[in-house]
Amino acid sequence: MNSVRVRVQSASAKQISAVIDVPGGGSFDVSTQSNYTLDHSATPWLAPALAAGMRRHRDLVIDGTVDPTALDGATKAQKVLADWYRTYRRIEVSAAQSPPTRALPERATGVGCFFSGGVDSFYSAITQADRITHLIFVHGFDIAVGDSELARKALTGARASAAELGKPLIEVQTTVRSALGDPLALDWGHVFHGPSLAHVGLALSKHLGTVVIPSSYSRDQLHPWGSHPSLDPLWSSDSVSFEHHELDVGRFGKIRRISNSDTAMNNLRVCWLNTDGAFNCGECGKCVRTKLGLRTAGVKSPTLPGSISPEAVRTMYVSEGERTFLREGLAAMQDAGIRDEALTRALRYAIRRSYVRRFIPFSR
C-alpha cells in the first residue's frame, strides 16, 4: 500500500469511526461520539486524513462517499498548507463523490460555535448570541481523552455557561488527535487542530448548517496557523459552512468585552497545562496573559485567582504566539494607565528571552 487509506466503519447513530491506514506508520482506529446524531458518510474524515497524507507525502484514498464541495475545497486547502509549510506536499485524493443533484441538499438551520470556555470562544458566543443556536464542546482536543477528571470539570463549566447563555450544548468526544494526529506527529497548533475542528463540524451536519470557529489571532497578528481565515472556510461542504470569526478585535479587546459577563468570569477556562489537574494553573503563558487582560479591564475571575508574579513571568516559556500577546498586554497596560514597573520589566524580559529560546517547527 502506497497511499493513506480511510475505511469508514459501522457505528451507532451518535458515534462514527474509521480506520486510517498509513504506509510505514500502521493503522489508526479513530472514533468520534456525541450526544447528537452524526454524519456517517466519509466526508467528516476528509480533512484530518488529508493532513496526514500531505505530511507523509502519500496520496489519499477514501473508501466511501465524500461531498463534492468538500473535495473541491480540500484541493484549495492543500495549496494553502503546501505554500505555508515545505514539509506538507500536495497529493492526489481519490473518493466517490456524492451523486449530482439539481439542487443543493437542504441545510440544517442550526448555527454552532466551538466553545472551550476560553476567551475566544466566550467572545464569539456572546457577540454572536443572536444567531448562534448551539455551542460545541469537544473533549479530546486540549483535554486528553484519558483525562476524565479535567474533562468533567471543563464540561461542568461548559454546561453551566451554555445554560446561562440560553444555548443547547453539543458534547463531543473524539480520538482524532490522540489516535491519529499525535502518533503521526502532526503539529497541533500550526496544522492539525484546524482539520480536526472541520471533522467535528462536518460530523454535525444533521443539526448545523453553519459552524463558527472563534479566531485565535486578530488581523494584524495573522500567520500560518491551523485555524486561519484563509483555511477554515475551505473545509466547508454542501451541508456545512465554516466561518472564522473576528479579525478586528485582539485578545485584550476580547477580554474587555467579556469582562462584563458574570457567566464568562465565573467559568473562564484558558489553561492548557492544567498542572496537577488544576482548572487553570495560573502561571503558564495563557493564564498570565489572561490575568493581565483582566487586570487592564479592572475585573477579576474566580477561576484565575491571585496576582501576577513578576518572577513567574520572567521564567515562563514564551512561544512566538505568546510573545505577540505579551506585547499586546504591555500596550493594554499603558492604555489603562497601569504603572507596575516590576511587572513591566518582567514582561519585557520574557519577550526578549523568547527570541533566544525560539523554536520554529516549520519552514516556509
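Trainee: Is H245 buried or exposed?

Mentor: This is a predicted model, and the values are computed from it. H245 is found in strand β10, residues 241-245. Its relative accessible area is 12%, and the cut-off for a buried residue is under 20%. H245 is therefore buried.

Trainee: Which side chain makes a polar contact with the side chain of H245?

Mentor: Leaving aside neighbours within four places in sequence, H245 is in contact with Y123, S124, T127, Q128, V212, I213, P214 and S215. From that list, the side-chain to side-chain polar contact, at 2.8 Å, is with S124.

Trainee: Which strands stand at the edges of the sheet?

Mentor: The open sheet has 10 strands with mixed pairing, in the order β5-β4-β1-β2-β3-β8-β7-β6-β9-β10. A strand with a single partner has one side left without a neighbour in the sheet. The twist from one strand to the next averages 25 degrees. The edge strands are β5 (93-97) and β10.

Trainee: How many bridges join β9 to β10?

Mentor: Strand β9 covers residues 208-214, and the two strands run parallel. T210 stands opposite S241 in β10. The number of bridges joining β9 to β10 is five.

Trainee: What angle does the direction of α6 make with that of β10?

Mentor: Helix α6 packs on the sheet and touches β2, β3, β6, β7, β8, β9 and β10. With the direction of β10, that of α6 makes about 135 degrees.

Trainee: How many disulfides does a search of the whole structure find?

Mentor: The sulfur of C287 has its closest cysteine sulfur in C284, at 3.7 Å, which is too far for a bond; the cut-off for a disulfide is 2.5 Å. C287 counts as buried, at 0% relative accessibility, and C113 is also buried, with a relative accessible area of 0%. The number of disulfides found is zero.

Trainee: How many of the eight residues of α7 are buried?

Mentor: Helix α7 spans residues 251-258 and is mostly covered. What covers its buried residues includes α3, α8, α9 and α11. The buried residues are R251, F252, G253, K254, I255 and I258.

Trainee: Is N274 buried or exposed?

Mentor: N274 has a phi near 50 degrees, a positive value in a residue other than glycine. N274 is placed in the loop between α8 and α9. The relative accessibility of N274 is 8%, so N274 counts as buried.

Trainee: What is the relative accessible area of H57?

Mentor: H57 also has a positive phi, of about 60 degrees, although it is not a glycine. H57 lies in the loop between α1 and β4. H57 is partly exposed, with a relative accessible area of 35%.

Technical notes
Residues are numbered from 1 along each chain as its sequence is written. This is a predicted model: local features need pLDDT of at least 70, side-chain atom pairs count only at pLDDT 80 or more; totals for chains, interfaces and linings use all residues. Side-chain values use heavy atoms; hydrogens and water are left out. Buried means under 20% relative accessible area, exposed over 50%, partly exposed in between (1.4 Å probe, protein chains only). Helices (H or I, at least four residues) and strands (E, at least two) are DSSP runs, numbered from the N terminus. Contact means heavy atoms within 4.5 Å. A polar contact is a pair of N or O atoms within 3.5 Å; within protein, one must be able to donate a hydrogen and the other to accept it, and residues adjacent in sequence count only if both atoms are side-chain atoms. Two strands pair if DSSP finds at least two bridges between them. Axes are lines fitted to C-alpha atoms, for helices over the stretch in contact, and angles run from 0 to 180 degrees between N-to-C directions.
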